Amino acid sequence: MDIEVALKFIEDLLVIKSARKLTEDEKAILKGTWDDLTLDQIPGKYSLQNVADIRKTASKLWKDISTVFEPRIKVTKPKLKGIVEQQWRLRQEPETPEIDRLTDRDFVGREEAIADLDRLVERGATCILIQSPGGVGKTVLAERYLSERFNQPLLRFDIAKDTQNINSAEGWIEQNLRKLGEEPGREFLVSCDRLRTKLQSDAIAILIDNLEPALDKNGKLIDNHRSYVELLRVLCDPSLKSLTLITSRERVCENLEMTLYPLKVLSVEAWREYFSQEGLNADSPVLALIHKAYGGNALAMNILRERIALDYQGDIEDYWEFHYTEEGVSVERAVQNLLVEQFSRLESVDMTAYQLLCRMGCFRYQDVPTVPRNGLLCLLWDVPKKDALGAIERLWNRGLIERVNREYKLHPLIRQEAFERLKISQDWEKANRTAAEFWTDSIEKIETVEDAIIAHEAYYNYFAIKDFKKCCEVIVKIRETQDWDNLETLGRAYYRLGLADKMINSIFNICNFFNLQQSVYSPKIYNVLGAMYWVKGEINLAIKYYENAESLSIKFDDADMLANSLLNLGLCKLDLRYLPESLHFFTRYMQLSIAKKLSEHLKTSYYCLALVNSLLQQKDEAAQFLESFFKKSYISCTPWQRGYSFLFCAETFKNIDLTQRSFYFYHEALKFANNEFYYPQVQAKALTGIAELNRIQNDMESALKYHTESIQILEKIGAKCDLAEAYYQLGLSYKAMGEIANSLDYFNRAIALWEKIDAPKQIERVQNSINEIN
């Protein structure tokens with residue numbers, strides 16, 4: 001660095017700091033220092049006054065220069081040149097757009113690992129376990145490799161940071177099948193088969209990160225999460241075009257065709273390359289000692305470079321002299337101690353950034369792996385926004401937070417330390433409440449699975465501070481839906497989006513710590529729980545929770561929830577073909593709607609009663625309820641109400657021998673499900689109904705066409721009750737055609753499903769049709 005450049009750099013900083021320029025004497029002292037002259041030699045070369053005045057001027061100059069750096073750096077004559085050159089370099093990096101921290105510049109020393117992974121893939125590996133201790137760089141390697149070898153975004157599965165918070169394999173498959181354009185099945189193994197089929201046809205990159213919390217001491221998947229074995233079995237299938245990389249500190253010891261790749265630590269050459277990027281003396285023999293002490297750990301390498309550059313002015317020897325002892329350094333403890341030391345140092349020099357880092361420990365970084373900038377800003381409720389923005393930038397510059405697509409996350413080790421410090425601080429409760437409010441406010445309308453998952457994050461913050469009432473509020477909070485002028489709870493959105501398992505787990509977690517039945521939220525929560533089991537096809541469990549919702553609605557005088565409970569119980573009984581019981585619940589539903597003036601419920605009760613009466617051969621009563629239904633109009637309605645009003649009216653008209661009107665309403669249902677609102681279940685049920693009407697009119701070619709379309713949809717989405725009915729109706733069509741073998745085949749398929757559902761009345765119905773053949 002040229003002395004004239006150095007003088008201008010120092011003077012510019014002094015002007016900014018204290019609005020003063022360098023005097024001629026000060027310039028002479030700096031020039032002499034730059035030329036390695038002693039203070040005694042400077043007067044002779046630069047024609048200054050006596051040496052005593054020079055020493056006094058130099059002492060003040062070093063103090064003034066020390067104050068221009070942030071944080072303050074103590075400047076002395078021997079260190080002046082190194083400090084100025086280092087600080088000048090830090091300010092010369094060109095401004096670049098905000099991008100991921102994982103750049104070519106930072107990704108060092110992994111050429112051999114990339115080549116090894118390429119060889120494993122060439123040999124047919126479809127699932128590779130990258131195994132090493134923490135901080136070696138497993139995740140960074142996996143992310144980089146998949147991003148370079150695949151042209152589409154990867155499917156990521158962050159297992160958990162601890163055993164208590166492990167994400168379910170079922171939930172991950174449900175969510176990602178939808179991302180891939182597929183509908184999950186109602187049963188886990190059906191979803192696994194669909195995932196396998198998709199991965200056999202498409203080259204997709206998958207990353208499962210941090211698997212070890214799901215493993216026991218023997219490397220087996222823990223009992224509560226044995227479903228991971230089936231997921232991993234799919235991902236290990238050698239017929240796949242896709243590639244899965246798994247990171248774990250421990251090996252997996254299951255009977256799986258999984259390829260193990262033990263990841264080596266970074267070499268000292270990689271450390272030298274990394275350190276030299278900041279202008280540090282990477283050729284110093286001390287760096288090899290530090291590399292050895294920290295075991296080549298990638299996380300330690302990243303933290304140490306920043307620490308040495310900023311806090312030790314790039315002096316590696318000075319750092320090592322301060323930290324090395326005769327007892328040596330314990331590698332694993334050193335990384336942890338380094339984290340603790342970073343937090344403590346940050347606390348002493350930058351309290352705002354320290355508070356932010358600790359408060360960031362309230363975020364989980366699991367289902368929602370990164371947090372938007374506004375999420376961090378809200379945690380600094382006690383500082384101006386300008387200072388908060390600066391704190392975020394300083395944390396990122398120090399490598400304590402990671403930036404990904406303009407959002408932020410913490411490395412698991414740093415997050416753990418932040419979490420522990422936050423938990424014992426006075427900010428614990430407020431940070432979690434603030435984070436929960438941020439997640440809730442972030443989602444005004446739930447349109448996608450991602451929206452629902454983000455809204456759900458608030459639940460986990462309230463759960464952490466044991467505010468179980470607020471946990472319930474998150475589940476039952478109402479928001480606008482995508483295309484309708486009505487409101488929908490988060491629980492109902494999970495039902496609509498097919499995320500049953502995650503919601504069931506959340507509700508049961510509340511029940512483990514909170515007497516839900518004493519809460520005013522209990523009717524809504526139990527209705528949500530019933531809906532989750534209903535969508536999974538576990539009708540009898542759904543009935544159990546709907547009955548709980550009914551009794552609790554009475555207890556808390558919640559007429560709306562009581563109406564919902566009676567409606568849902570009637571629908572469950574209808575699915576099981578318990579028609580008198582279904583009629584009983586629908587009648588009570590109507591009576592309550594009239595008594596409490598619940599107009600929307602009343603209209604729904606009319607078409608439900610119309611259908612069940614028609615099934616009981618009470619045609620006049622069915623027609624009367626249809627007439628009552630058509631006299632009213634919805635002020636607002638849910639997608640379910642609109643879709644099922646078409647279906648129930650169509651089926652009722654069929655049962656009372658008004659075939660053309662039945663055709664009309666089934667086609668209205670199709671139009672709704674295809675054009676107005678994506679609702680495959682309504683679409684499939686309408687197709688089954690049209691096929692049945694074609695059979696009645698002896699148009700068997702059209703009947704078979706609609707049967708086939710319906711069954712394809714229902715098999716795809718795994719709607720067991722509707723699929724069993726579709727099999728039965730196709731069996732009846734084959735029976736009418738005289739194709740007895742095909743007829744018996746589909747009758748038996750229907751019986752098999754009804755047996756799983758435990759629906760004896762439905763089994764009896766199918767068996768009667770079989771007996772007619774025999």
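Two strands are taken to pair if DSSP finds at least two bridges between them. In the predicted model, this criterion gives an open sheet of five strands in the order β2-β3-β4-β1-β5, with parallel pairing. The edge strands, β2 (155-158) and β5 (259-262), each pair on one side only. Neighbouring strands of this sheet are turned against each other by 20° on average, direction ignored. Strand β2 runs parallel to β3 (residues 205-209), to which four bridges join it; R156 stands opposite L207 in β3.

Helices pack on this sheet. Helix α10 (residues 227-235) touches β1, β2, β3 and β4, and its direction makes about 145° with that of β3. Helix α6 (residues 111-122) lies across β1 (127-131), β4 (243-248) and β5, and runs at about 170° to β5.

An open sheet of three strands, with antiparallel pairing, has the order β6-β8-β7. Strands β6 (371-372) and β7 (402-404) each have a single partner strand, so one side of each is left without a neighbour in the sheet. Two bridges link β6 with β8 (residues 407-409) in the antiparallel sense, and V371 stands opposite Y408 in β8.

Helix α24 (residues 500-513) comprises 14 residues, which at 1.5 Å a residue should span 20 Å; the end C-alpha atoms are 21 Å apart, in agreement with this value. Residues A500, D501, K502, M503, I504, S506, I507 and I510 of α24 are buried. The buried residues of this helix pack against α8 (169-179), α21 (449-464), α22 (468-476), α23 (490-497) and α25 (522-535).

Methods: Residues are numbered from 1 along each chain as its sequence is written. This is a predicted model: local features need pLDDT of at least 70, side-chain atom pairs count only at pLDDT 80 or more; totals for chains, interfaces and linings use all residues. Side-chain values use heavy atoms; hydrogens and water are left out. The expected span of a helix is 1.5 Å times one less than its number of residues. Buried means under 20% relative accessible area, exposed over 50%, partly exposed in between (1.4 Å probe, protein chains only). Contact means heavy atoms within 4.5 Å. Axes are lines fitted to C-alpha atoms, for helices over the stretch in contact, and angles run from 0 to 180 degrees between N-to-C directions.
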